[in-house]
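Subject: Handover of a structure and its findings

Dear colleague,

Please find below the structure that I am handing over to you.

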Amino acid sequence: GWAGGCPLSAQITVEVVPDPSTNLFGTVSGANIQPLDSLNVPDYGVTFSFSRGTGSTHPAFWNSGSALRIYTGNTIKLHMSDAYTVDRIDFQSVKYRSTEKTLEADAGSVSYDAETLIYTWENTDNVTETTFNITDAQLRITKLTLTLTPSGEVVERPKAPAFSQKSCDFFNPFELTITDINEPAATIRYTLDGSDPTADNGLTY
């Protein structure tokens, strides 16, 4: 993997694991919460508000599986503060009849990786709030990864570097050259273990 940034340090990645004792609010029922009202990330001014919407079942957190359960017709509203802009959210889900159509957003774009079961929302419309709609089956979320930019810092999305070899299966050693095509120059970081490169993970090319 690679990562380019102008600069890398401007963006912040925050992992949020739903936890009834720290960041979830709603009506407690034994070890579960239903209805689930909100998930708060106070250090970054981010709040997710849950609503029954047109669904027949209220959103919930079930201790069994430690996952948020968001049902067909439910909505999730994302609120941002003035301090940070949410550029991207990766919703880690578990397999439960969900498809690429399960999660939709009123603004920005949503993609789905069926192999990793991650729904990715990108703030392509530069909004400060949006509503997610559960349109099919049920979404079970075990973790959210937020990519944020502090307000006042504008970070252009870097162009992908050019590789001297095309992507394919290789069976013999070869030399690879990576060329940065950004102006001004970006920092390229890479990993050899399959993990995602970040400002703190990977090697600088």
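The notes below describe selected local features of this structure. Please bear in mind that it is a predicted model.

Asparagine 123

Asparagine 123 sits in the loop that links strand 12 (118–122) to strand 13 (129–134). Its relative accessibility is 7%, and asparagine 123 therefore counts as buried, the cut-off for that class being under 20%. The side chain of asparagine 123 reaches the backbone nitrogen of valine 127, at 2.9 Å. Leaving aside residues up to four places away in sequence, asparagine 123 touches Met80, Thr85, Val86 and Asp87.

Cis peptide bonds

The bond from glutamine 34 to proline 35 is cis, and its omega is near 0°. Proline 35 belongs to strand 4, which covers residues 32–41. The bond from glutamate 183 to proline 184 is also cis, with omega near 5°. Proline 184, for its part, is placed in the loop between strand 16 (178–179) and strand 17 (189–190).

Positive phi values

Serine 66 has a phi near 45°, which is a positive value in a residue other than glycine. This serine 66 is found in the loop between strand 6 (60–62) and strand 7 (67–71). Serine 66 counts as partly exposed because its relative accessibility is 37%.

Alanine 137 likewise is a residue other than glycine with a positive phi, here near 60°. The loop between strand 13 and strand 14 (138–150) holds alanine 137. With a relative accessibility of 24%, alanine 137 counts as partly exposed; the buried class requires a value under 20%.

A nonpolar surface patch

Which residues make the nonpolar surface patch of about 350 Å²? They are Phe163, Phe170, Phe174 and Leu176. Of these, phenylalanine 170 has its place in the loop between strand 15 (162–163) and strand 16. Is phenylalanine 170 buried or partly exposed? At 38% relative accessibility, phenylalanine 170 counts as partly exposed.

With kind regards

Conventions:
Residues are numbered from 1 along each chain as its sequence is written. This is a predicted model: local features need pLDDT of at least 70, side-chain atom pairs count only at pLDDT 80 or more; totals for chains, interfaces and linings use all residues. Side-chain values use heavy atoms; hydrogens and water are left out. Helices (H or I, at least four residues) and strands (E, at least two) are DSSP runs, numbered from the N terminus. Buried means under 20% relative accessible area, exposed over 50%, partly exposed in between (1.4 Å probe, protein chains only). A polar contact is a pair of N or O atoms within 3.5 Å; within protein, one must be able to donate a hydrogen and the other to accept it, and residues adjacent in sequence count only if both atoms are side-chain atoms. Contact means heavy atoms within 4.5 Å. Patches are made of residues with over 30% relative accessible area and no salt bridge: like charges are joined within 9 Å, nonpolar side chains (Val, Leu, Ile, Met, Phe, Trp, Tyr) within 5 Å. Accessible areas come from the Shrake-Rupley method with a 1.4 Å probe; for residues, only the protein chains shown count as cover. A salt bridge is a side-chain nitrogen of Lys or Arg within 4 Å of a carboxyl oxygen of Asp or Glu.
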